[in-house]
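Thank you all for coming.

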Amino acid sequence: DVRSTSMGNGGEDVQLSPAARKLFPIQIECKNKAKYAVYKDYEQAKEHGDYTPVLIIKQNNSQPLAVVDARWLLEKLKNENRQSD
């Protein structure tokens, strides 16, 4: 139900089957670089307490984005889907 695409291929980096898309109505773009400044900021968000850290980032003339742990997000989506069945 989940298939990754090769580098340089247009469109989503992770393709979902219709059944998977029904469970997870998201589209995924993946990036892997040696260093992102956002990781430093996310680490700072983790230091504020025992709750799930959410980092909100914004650059000029762009919409704000929320950065969360991908495993946490997938677990939340999975649990939400179970509750709606």
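This is a predicted model: local features need pLDDT of at least 70, side-chain atom pairs count only at pLDDT 80 or more; totals for chains, interfaces and linings use all residues.

The partner of K31 is E29, and the two form a salt bridge in which the closest N and O atoms are 3.2 Å apart. E29 itself, at 49% relative accessibility, counts as partly exposed.

D13 sits in the loop between β1, residues 2–4, and β2, residues 14–16. It is a buried residue without a salt bridge, and the nearest side chain of opposite charge is that of K31, at 5.6 Å. What does D13 touch, then, once its neighbours within four places in sequence are left aside? The contacts are R3, S4, T5, I28, E29 and C30, so that E29, the salt-bridge partner of K31, is also one of the residues in contact with D13.

Let me step back to the chain as a whole. The secondary structure comes to 3 helices and 4 strands, and if you read along the sequence the order is β-β-α-α-β-β-α. For the overall dimensions, the radius of gyration is 15 Å, whereas a compact globule of 85 residues would be near 12 Å. The C-alpha atoms fill a box of roughly 40 × 35 × 25 Å along the principal axes. Of the 85 residues, 14% count as buried, and the chain exposes about 7600 Å², of which carbon and sulfur atoms supply 52%. If we take the contacts between residues at least 6 apart in sequence, 17% of them join residues at least 24 apart.

Now to the charges, of which the chain has 13 positive and 12 negative, with mean positions 3 Å apart. The count of salt bridges comes to 5, and besides the E29 and K31 pair I would like to show you two others. In helix α2, residues 37–46, E43 and K46 lie 3 residues apart, which is about one turn of the helix, and their side chains meet in a salt bridge with an N to O distance of 3.2 Å. Both partners are partly exposed, E43 with a relative accessible area of 39% and K46 with 40%. The other pair is D69 and R71, whose side chains meet at 2.7 Å, N to O. Here D69 counts as partly exposed at 23% relative accessibility, while R71 is exposed at 67%.

My last stop is a backbone angle. Most residues other than glycine have a negative phi. N61 is not a glycine, and yet its phi is positive, at about 60°.

Terms used: Residues are numbered from 1 along each chain as its sequence is written. Side-chain values use heavy atoms; hydrogens and water are left out. Helices (H or I, at least four residues) and strands (E, at least two) are DSSP runs, numbered from the N terminus. Buried means under 20% relative accessible area, exposed over 50%, partly exposed in between (1.4 Å probe, protein chains only). Lys and Arg count as positive and Asp and Glu as negative; His and the chain ends are not counted. A salt bridge is a side-chain nitrogen of Lys or Arg within 4 Å of a carboxyl oxygen of Asp or Glu. Contact means heavy atoms within 4.5 Å. The radius of gyration is taken over C-alpha atoms; the globule rule is 2.2 Å times the number of residues to the power 0.38. Accessible areas come from the Shrake-Rupley method with a 1.4 Å probe; for residues, only the protein chains shown count as cover. The place of a charge is taken as NZ of Lys, CZ of Arg, CG of Asp or CD of Glu.
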